[in-house]
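Keep the viewer open as you read.

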Amino acid sequence: MRHALELARRAREDNEVPVGAVLVRGDALLGEGWNRPIGDTDPSAHAEIVALRRAAARERNYRLPGSTLYVTLEPCAMCAGAIVQARVGRVVYGASDPNAGAAGSVFDLLQDTRLNHRCEVESGVLAQSCRELLLQFFRARRAVNDGLKP
């Protein structure tokens, strides 16, 4: 999760919402990513999707069984759907997302028994650090939008 936080800081440097994701299997790093939708002009370029794409390319397989995804913010519905399609075994996230979270906050797509794959989910890992990074980012953005100094 600490590496995912470093990637989230990289997103912040690019003026993207600071979310980072790391996909591993055992000790092997399969893929990593940070939010890039603004810079890539791609609404699907969330940290999780970027990490999944890189891992799939590295593995030469769109299925990533036995992998664990570490992400600083609870995945949204789009990302949760991709995680299920990729057959990720476990998702570990930091901060919950009460507005759009799809790992238990608003929806629970990762463990929905109606789907053909479910992920083990662990929440709250380094939650305070993940949450604080997001809060600082949005405070600074609001200050700029209000014409104040951050």
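In this predicted model, helix α1 (residues 2-13) packs against helix α4 (residues 127-145) at an angle of about 5°, and their axes are 11 Å apart. Angles under 35 degrees count as roughly parallel, so α1 and α4 are roughly parallel to each other. On the α1 side, the contact uses Leu5, Ala8, Arg9 and Arg12; α4 answers with Ser129, Cys130, Leu133, Gln136 and Phe137. Sort that contact by class and you get five nonpolar, two polar and two charged residues.

The axes of α2 (residues 47-59) and α3 (residues 77-86) come within 9 Å and cross at roughly 25°, which makes α2 roughly parallel to α3. The crossing, as α2 passes α3, is left-handed. If you want to pick out the residues involved, select Glu48, Ile49 and Leu52 in α2, which meet Met78, Cys79, Ala82, Ile83 and Ala86 in α3. Seven residues of this contact are nonpolar, none is polar and one is charged.

Which helix gives the largest share of the lining? That's α4, with five residues, the helix that also packs with α1.

Terms used:
Residues numbered from 1 in each chain as written. Predicted model: local features only at pLDDT ≥ 70, side-chain atom pairs only at ≥ 80, totals over all residues. Heavy atoms only, no water. Axes fitted to C-alpha atoms, helices over the stretch in contact; angles between N-to-C directions. Helix = DSSP H or I, 4+ residues; strand = E, 2+ residues; numbered from the N terminus. Parallel < 35°, antiparallel > 145°, perpendicular 65-115°, else oblique. Left-handed = near helix turned anticlockwise from the far one by under 90°. Contact = heavy atoms within 4.5 Å. Nonpolar A, V, L, I, M, F, W, Y, C, P; charged D, E, K, R; others polar.
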